[in-house]
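Keep the structure open while you read.

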Amino acid sequence: MKINTAIRHASGIALLGGALLAGQAQAADEAECIAPAKPGGGYDLTCRLAANGLLAAELIDEPMLVTYMPGGIGAVAYNHVNGVRSDDDNLIVAASTGAAVNLALGKFGQYDAGEVRWLGALGVDYGAIVVNADAPWQTLDELMADLKENPSSVAFGAGGTVGSQDWMKAALTAKAGDVDPRELRYVAFEGGGEALAALLGDHIQVFTGDLSELQSQLESGKVRVLASLSEERMGGPYADIPTAAEQGYDVEWPIWRGYYMGPDVSDEAYQAWIERFEELADNPGFAEMREERGLFPMARFGDDFDAYVKDQVADFQSLAEEVGLK
């Protein structure tokens, strides 16, 4: 497909990219990754992870084209792929846990989680329950005890409004401790950096952030992480942080970095991409690249990843209904 054809169908959507010029044509066999956001964010990182990793591992012959399609936190790209490029065998689209949340909340319009072919995930970050270093809580149990006594006495904060994935972390943790998420006091910020600054400035008391963004704060001793929302303890600077599960709270929050393809791509192309990603995940050089980007290992592909995403969306739908978001 010619890029200028895609632009006409996208009805005003700006397709931007360092290598993309007006009127430039895409070769029929050139791989492309759409980042459903402006340059510089998590979706950009996700596309670059695949593009740089595949090229460095010699799993693609030519550099992958990365284009940008912001709008609706993934909704515009999702609708574009389904409506315009549903059978493009060379196109992958970056996605994350945030996309699963928005699908659960019905924010992708007429399309649900079953409308695309979920390809796989190459990396993951994990949520964390973070307090100031001088906070009165040493453990998650101590925080939960205060929440049970008076849920609105503790100010949570994170990047995103009620219903966002950062809010979901707080809601699921509260629910795991038999606290009604609807009674939480939650302050929304524009991003994680702003929320972390609010925590350090004592404007909020609990920050539901991500492990990868906390390393410098941990090294400085400015914060205490009461729990990581991972399946097991992470290594390195996070080795001493207990999981929520080991403290008796059944909650996990993986922020996966993955990809999907259009619903009508050929089985041959879909399987070829799976095999390409599986080989990349086992590449030692790629492991270093992933770590440099603050991500932990995750390798789910094909049917396994497809089922994982759909189960996650169903869980988010149940929580949203429970707390009155749907």
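## H2 against H10

In this predicted model, H2 meets H10 through Leu 49, Asn 52, Gly 53 and Ala 56. The partners on the H10 side are Phe 286, Met 289 and Arg 290. Sorted by type, the residues of this contact are four nonpolar, two polar and one charged.

How do the two helices lie relative to each other? H10 spans residues 284-292, and its axis runs 10 Å from that of H2 at an angle of about 155°. Angles over 145 degrees count as roughly antiparallel, so H2 and H10 are roughly antiparallel to each other. Their crossing is right-handed.

## H2 against H9

H2 covers residues 42-56, and H9 covers residues 267-281. The axes of this pair come within 10 Å and cross at roughly 80°. H2 and H9 are therefore roughly perpendicular to each other.

H2 brings Ala 50, Gly 53 and Leu 54 to this contact. H9 answers with Trp 273, Arg 276, Phe 277 and Leu 280. The tally here is five nonpolar, one polar and one charged.

## H4 against H11

H4 and H11 pack with their axes 8 Å apart, at an angle of about 50°. That makes H4 and H11 oblique to each other. The crossing is right-handed.

From H4 come Thr 97, Ala 100, Val 101, Leu 103 and Ala 104. They meet Gln 312, Val 313, Phe 316 and Gln 317 of H11. This contact holds six nonpolar residues, three polar and no charged.

## The largest pocket

Next come the open spaces. The largest pocket has a volume of about 790 Å³. It is lined by 32 residues, and those closest to its centre are Ile 73, Gly 98, Gly 159, Ser 164 and Gln 165.

Which elements each supply at least two residues of the lining? They are H2, H4 (97-104), H6 (165-176), strand S7 (206-210) and strand S9 (254-261). By type, the lining divides into nine nonpolar, 15 polar and eight charged residues.

## The second largest pocket

The second largest pocket has a volume of about 530 Å³. Its lining has 22 residues. Nearest its centre lie Glu 252, Pro 254, Gln 312, Asp 315 and Phe 316. Two or more lining residues come from each of strand S4 (117-132), H6 and H11 (302-322).

H11 gives the largest share, seven residues. Gln 312 and Phe 316 also take part in the contact of H11 with H4.

Rolling a probe the size of a water molecule over the atoms shows where empty space is left. How many cavities of 30 Å³ or more does a search of the whole structure find? The search finds one. The largest cavity holds about 30 Å³ of space.

Its lining consists of Pro 36, Tyr 43, Gly 74, Ala 94, Ala 95, Ala 99, Phe 108 and Tyr 260. Seven of these lining residues are nonpolar, one is polar and none is charged.

Key: Residues numbered from 1 in each chain as written. Predicted model: local features only at pLDDT ≥ 70, side-chain atom pairs only at ≥ 80, totals over all residues. Heavy atoms only, no water. 1 Å grid on protein atoms, 1.4 Å probe; cavity = no way out; pocket = protein on both sides within 12 Å on 5 of 7 lines; lining within 4 Å. Points joined across faces, edges and corners; volume = space filled by probe spheres on them. Nonpolar A, V, L, I, M, F, W, Y, C, P; charged D, E, K, R; others polar. Axes fitted to C-alpha atoms, helices over the stretch in contact; angles between N-to-C directions. Helix = DSSP H or I, 4+ residues; strand = E, 2+ residues; numbered from the N terminus. Parallel < 35°, antiparallel > 145°, perpendicular 65-115°, else oblique. Contact = heavy atoms within 4.5 Å. Left-handed = near helix turned anticlockwise from the far one by under 90°.
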